[in-house]
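Please look over the sequence and the coordinates before reading on.

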Amino acid sequence: MRFFEEKRREVMKHIEVYMLEKMNDFLKPIDQIWQPSDLLPDSTRDTFFSEIRDLQESAKGLSYDLMAVLIGDTITEEALPTYESWLSMVDGVDKEQHSGWMTWTRHWTAEENRHGDLLNKYLYLSGRVNMRAMEVSTQYLIADGFDIGTGTDPYRNFIYTSFQEMATNVSHRRVASLAKKDGDTLLSKMCGVIASDEARHAKAYKHFIGKIFEVDANECMIAFEDMMRKKIVMPAHFLREVGLKIGQTFGHFTDAAQRLEVYTAVDYVDILKTLIEEWQIEGLSDLNEAGEKARDYVVGLPNRLMRIAERMKNPMLEYKFSWIHG
């Protein structure tokens, strides 16, 4: 076990050099990237209150399920302290403040932090949200933490983030399309720029894992298999509302996303297919017996999951969220 931990630390040091070279490709300069105030009504303008009225009028056209998904997405984004502390605990991350991986974690966090800020302000101004109920759920989600099955292993963690950033991109992109369809062009633009950030972040983590496959294919392959056997759980899987037990609201949130086809079982399979292709899993050679079995399992998994996904029916039972006013 100690040998594998030491090797992972060596690999993390190896790809840290690559990460620092490419960081500006994956993250944008702070003084150039969009900020929430660029998209929201400006309180310094005389038109501020009329802009809010326009925002609220557009928000009225959003469906109940879309509001539920948008609020759930916002709460997920706002649980950022959990994700930052989780990434800082990964093996091979030098905890010194100005080390390469800690620099990456802080800059990634700084970009992600804008997402929750933007969506939270939009929801507050929309007039459709019980903000206290939403804020309670956010505090619960941060306090409850999460268990995504990665431990402190960098391979499993970066496989998870590769998958999850792609899933988040899909979710925000679909919400953008639905908001536009419902007549809310401002929200559509907001979710579109967030989705663009998530796509860049996904690209980064996929590249990190690609570099790991180059130097430690066998162990990375086994880690990939392990994560897929456990299934990639969403970061908000402990989501709850006031008075409910841990995780009790998450199923209702995902039901709403499934009904709207914001994020479905088919999307899960499509992301897996993309990762298999981008990491060239089928062509991996020089694996030991365990690595070959892991490769064969992962390569065959999309077809098995697709058969299950095709049999799944959209959940029809609607749920009344405490977050949505009225």
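## Basis of the description

A residue is taken as buried when its relative accessible area is under 20% and as exposed when that area is over 50%, with partly exposed in between. The model discussed here is predicted, and the values that follow should be read with that in mind.

## Helix H5

Helix H5, which covers residues 100–126, has 27 residues, and 20 of these 27 residues are buried, so H5 is largely enclosed by the rest of the structure. From its first C-alpha to its last, H5 reaches 40 Å, which is close to the 39 Å expected at 1.5 Å a residue. Just after H5 comes Gly-127, which takes a positive phi of about 75°.

## The largest nonpolar core

The largest nonpolar core has 106 residues, and those with the most contacts inside it are Trp-104, Tyr-122, Phe-208, Phe-213 and Phe-224. Helix H8, residues 185–230, gives the most to this core, with 18 residues. Leaving aside residues up to four places away in sequence, Phe-213 touches Cys-220, Met-221 and Phe-224, together with Trp-279, Ile-281 and Leu-284.

## The largest pocket

The largest pocket has a volume of about 990 Å³. It is lined by 43 residues, of which Ile-232, Val-233, Met-234, Phe-250 and Tyr-263 are the closest to its centre. Two or more lining residues come from each of helices H3 (64–78), H4 (80–88), H5, H7 (154–181), H9, H10 (265–278) and H11 (289–311), and the largest share, eight residues, comes from H7.

## Gln-258 in helix H9

Helix H9, which spans residues 250–260, contains Gln-258. The relative accessibility of Gln-258 is 14%, and because the cut-off for buried is under 20%, this residue counts as buried. Not counting residues up to four places away in sequence, Gln-258 touches Tyr-263, Thr-264, Ala-265, Asn-314 and Pro-315; of these, Tyr-263 is also among the residues closest to the centre of the largest pocket.

Definitions and conventions: Residues are numbered from 1 along each chain as its sequence is written. This is a predicted model: local features need pLDDT of at least 70, side-chain atom pairs count only at pLDDT 80 or more; totals for chains, interfaces and linings use all residues. Side-chain values use heavy atoms; hydrogens and water are left out. A nonpolar core is a set of buried Ala, Val, Leu, Ile, Met, Phe, Trp, Tyr and Cys residues joined through side-chain atoms within 4.5 Å. Buried means under 20% relative accessible area, exposed over 50%, partly exposed in between (1.4 Å probe, protein chains only). Helices (H or I, at least four residues) and strands (E, at least two) are DSSP runs, numbered from the N terminus. Contact means heavy atoms within 4.5 Å. The expected span of a helix is 1.5 Å times one less than its number of residues. On a 1 Å grid over the protein atoms alone, a cavity is a set of points where a 1.4 Å probe fits but cannot get out, and a pocket is an open set with protein on both sides within 12 Å along at least five of seven lines; lining residues have an atom within 4 Å of a point. Grid points are joined across faces, edges and corners, and a volume is the space filled by probe spheres set on the points.
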